[in-house]
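Subject: Structure handover

Hello,

Here is the structure I promised to pass on. Please open it first, then read my notes below.

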Amino acid sequence: MSKYGTIYEALGGAPAVRRLVEAFYPRVQKHPLIGPLFPEDINPVMEKQYMFLTQFFGGPSLYSDEYGHPMMRARHLAFEVTKERAEAWLGCMEEALEEIGVEPELRQFTIQRLSGPAFHFVNTP
Ligand code: HEM
């Protein structure tokens, strides 16, 4: 990202991360593989994801300031995360990035950065 600064800045800062999260979760909820894992009231999840992605993309450390060390893999152990579910999650994210108008190069870069954690969270064959 050195050529562009942070992903956070390249996407367009706080309003863009907000729009991204709002485009992402309706897709997640509709997805047959991952939708059933999430609670009906998605708003608290969206808020945490907004805070987490903000810092993951290089913006202010909103999530850690509120919740401490993210320990994201551990937080996902309560759910059966398979390779197929990681791919579904990333697929929803790629569509959300497209929906909010992120151009292909930045979209691919962002998905690549999220692929590391997504496959790292796989805990079920
Ligand atoms: C690999 C596939 C993934 C699946 C199936 C998945 C699923 C879930 C589920 C079911 C929750 C709990 C929702 C609840 O509160 O009941 C959750 C929480 C969360 N996930 Fe994921 N997730 C995945 C990948 C990711 C990735 C790649 C990230 C970020 C890089 C991420 C970030 C978060 C965050 C920030 C939370 C909220 C944690 C908290 O409670 O503080 N997830 N995820």
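Helices here are DSSP runs of H or I with at least four residues, strands are DSSP runs of E with at least two, and both are numbered from the N terminus. By that scheme, glycine 12 sits in the loop between helix H1 (7-11) and helix H2 (13-30).

Two notes on the source. Residues are numbered from 1 along each chain as its sequence is written, and side-chain values use heavy atoms, with hydrogens and water left out. The model is predicted: local features need pLDDT of at least 70, side-chain atom pairs count only at pLDDT 80 or more, and totals for chains, interfaces and linings use all residues.

**Overall fold**

The protein has seven helices and zero strands. Along the sequence the pattern reads α-α-α-α-α-α-α. The radius of gyration is 14 Å, close to the 14 Å from the globule rule for 125 residues, so the protein is as compact as a globular protein of that length. That radius is taken over C-alpha atoms, and the rule is 2.2 Å times the number of residues to the power 0.38. Along the principal axes, the C-alpha atoms fill a box of roughly 40 × 30 × 25 Å.

Of the 125 residues, 39% count as buried. Buried means under 20% relative accessible area, exposed means over 50%, and partly exposed is in between (1.4 Å probe, protein chains only). Contact means heavy atoms within 4.5 Å. Among contacts between residues at least 6 apart in sequence, 66% join residues at least 24 apart.

The accessible surface comes to about 7000 Å², and 56% of it belongs to carbon and sulfur atoms. These areas come from the Shrake-Rupley method with a 1.4 Å probe; for residues, only the protein chains shown count as cover.

**The iron site**

Which protein atom is the donor to the iron atom of the ligand? It is NE2 of His76, the single donor from the protein, 2.0 Å away. Donors are N, O and S atoms within 2.8 Å of the metal (3.2 Å for Na, K and Ca); water is not among the atoms, so sites may look incomplete. Histidine 76 is in the loop between helix H5 (72-75) and helix H6 (83-99).

**Buried positions**

Glutamine 49 belongs to helix H3 (residues 43-56). Its relative accessible area is 12%, so it is buried. Leaving aside neighbours within four places in sequence, glutamine 49 contacts Val21, Tyr25 and Trp89.

Threonine 110 is in helix H7 (residues 104-120). It counts as buried because its relative accessibility is 0%. Not counting residues up to four places away in sequence, threonine 110 touches Ile7, Phe57 and Leu97. From threonine 110 to glutamate 94 is 16 residues in sequence and 8.6 Å in space, C-alpha to C-alpha.

**Partly exposed positions**

Back to glycine 12: at 41% relative accessibility, it counts as partly exposed. Valine 102 is 90 residues away from glycine 12 in sequence, and 9.6 Å away in space, C-alpha to C-alpha.

Methionine 71 is in the loop between helix H4 (62-67) and H5. Its phi is positive, about 40°, although it is not a glycine. With a relative accessible area of 47%, methionine 71 is partly exposed.

Glycine 91 lies in helix H6. At 28% relative accessibility, glycine 91 is partly exposed.

Best wishes
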